Amino acid sequence: MYTTEQKNEDLEDKNIQSSTIPQILKDNNTSEHDEIKENVLSETEETKPPMEKSCCPPQGTLNKIITNGVLLSLIWCVTWSITEHESLPGGNLFGLLIIFYSAIIGGKLVELIRIPSVPQLPPLLGMLLAGFIIRNVPFLSRHVRISSVWSSTLRNIALTVILIRAGLGLDPKALKHLKGVCLRLSMGPCLIEACATAVISHFLMDFPWQWGFLLGFVVGAVSPAVVVSSMLVLQDKGYGIEKGIPTLLIAASSLDDILAITGFNTFFSIVFSAGGILRNLIASFRDVAIGVMGGIVLGIFVQYFPSRDQTNIPLKRASLVLSMCVSAVLGSHHLGTHAAGGLCTLVLTFVVGKYWSNEKIRVQKIISSVWDIFQPLLFGLVGLEVSVAALKSDAIGVSVATVSLALLVRISFTFSLMSFAGFNFKEKIFIALSWMPKATVQDIK
């Protein structure tokens, strides 16, 4: 038995060896063949003449420029066939197109400016200058014209987009912790600057008291397009989150604008209508109540529509919020309840943002893309409103002095108001100086 088993084992070993030897030979032959093939290919590539880049048709950046140019030209031709004179020089669509691209180019050029030891200049400065140049160069101003209705509507839509970003960018926890400070910061500086402007304009420019307060609430509004955008950038980078400074300034600046618009409309009614002061005050409180209630109702609606079983939920949510808020702002202007639309937008976006929690980030990205379109339009149109020919030389100095003194009072009061809120010296200086940007709300008024 032993000898038989040993013989069988020897036969198996021989079979294994005989089967592996051809495989080894095959592998060696394959590797040699691959090496020869690689050598031949490398020699062929070396001897092959290099491909020259053809100039026709063009490639790269030039091809992209030509493609986009042809596409824009065709879109303009289609638009012209529908609207006719509106797309030609002097028409509204032609003017908006020139303003839009001029503002974008102006912003890009300002970004290229580098001054040693000076922070980078913001793109909005170039956008403002682009609109200013178009308005004050005679040749350009003759061909670039936009009706006041179109301009006002677009600026209101841009302000609505900013308020949507402000409401979605609020941190409920930080706002709850700083609700007292936020209330003081949203009301105190605006009222103080309005009163200071009224006093200064009364004694410096001989304004009646009603006109002085009307001017005060025009000057008292901060620019949400600057403050909110800047605070959102700082919040994304993590600056000041521990103490909730970005949320504080976003909420306070937005409420500051609502208060300024309400005060302006109240004194506007006092100056130009026959109604009593009490009646106008009641109308202002009515606008505030309508805005709050409307925002809560619409916010609850958007919490459940669209439902979570649908597709493209962030896009549908963003579209629904944007259309509701724009309708609220433009509708309130048509109905005469000017403060209701902006307040409704803030309340609506805060309610849905709190409900969506982390899901609101994707909605914020879509709204930010919308703002990228309206930002050059807004600042370009603001610059377009400044006419050097309409300015009187004797009024420029007095006006600058009035605004500067009132702003100095506001900064000082804001610094003292933050002295008991738990902020250090640098943070109080930062909050006080954050109230300096102007022009966005003033231009809409």
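A salt bridge is counted here when a side-chain nitrogen of Lys or Arg lies within 4 Å of a carboxyl oxygen of Asp or Glu. In this predicted model, a search of the whole structure finds 7 such salt bridges, and one of them pairs arginine 410 with glutamate 193, whose closest N and O atoms are 2.5 Å apart. Arginine 410 belongs to helix α16 (residues 393-417) and glutamate 193 to helix α8 (residues 179-204), so the pair ties together parts that are 217 residues apart in sequence. Side chains of opposite charge can pair when their charged atoms come close.

From α8 the reader can move on to the loop between α8 and α9 (209-220), which is the place of aspartate 206. The phi angle of aspartate 206 is near 60°, a positive value in a residue other than glycine. Another loop, between α12 (277-304) and α13 (313-335), holds proline 306, and the peptide bond that leads from phenylalanine 305 to proline 306 is cis, with omega near 0°.

The packing of two helices can be followed in α6 (residues 148-168) and α10 (residues 224-237), whose axes are 10 Å apart and meet at an angle of about 35°, with α6 passing α10 in a left-handed crossing. On the side of α6 the contact is made by Leu159, Ile162, Arg165 and Ala166, while α10 contributes Pro224, Ala225, Val228, Ser229 and Leu232. By type, the residues of this contact of α6 with α10 divide into 7 nonpolar, 1 polar and 1 charged.

Finally, the surface carries a nonpolar patch with about 1,100 Å² of accessible area together, formed by Leu71, Leu72, Ile75, Trp76, Trp80, Leu88, Leu97, Tyr101, Ile105, Leu109 and Leu112. The elements that give two or more residues to this nonpolar patch are α2 (60-83) and α3 (92-112), and leucine 109, one of the residues of the patch, is found in helix α3.

Conventions: Residues numbered from 1 in each chain as written. Predicted model: local features only at pLDDT ≥ 70, side-chain atom pairs only at ≥ 80, totals over all residues. Heavy atoms only, no water. Axes fitted to C-alpha atoms, helices over the stretch in contact; angles between N-to-C directions. Helix = DSSP H or I, 4+ residues; strand = E, 2+ residues; numbered from the N terminus. Left-handed = near helix turned anticlockwise from the far one by under 90°. Contact = heavy atoms within 4.5 Å. Nonpolar A, V, L, I, M, F, W, Y, C, P; charged D, E, K, R; others polar. Patch = residues over 30% accessible without salt bridge, like charges linked within 9 Å, V, L, I, M, F, W, Y side chains within 5 Å. Areas by Shrake-Rupley, 256 points an atom, 1.4 Å probe, with all protein chains shown as cover.
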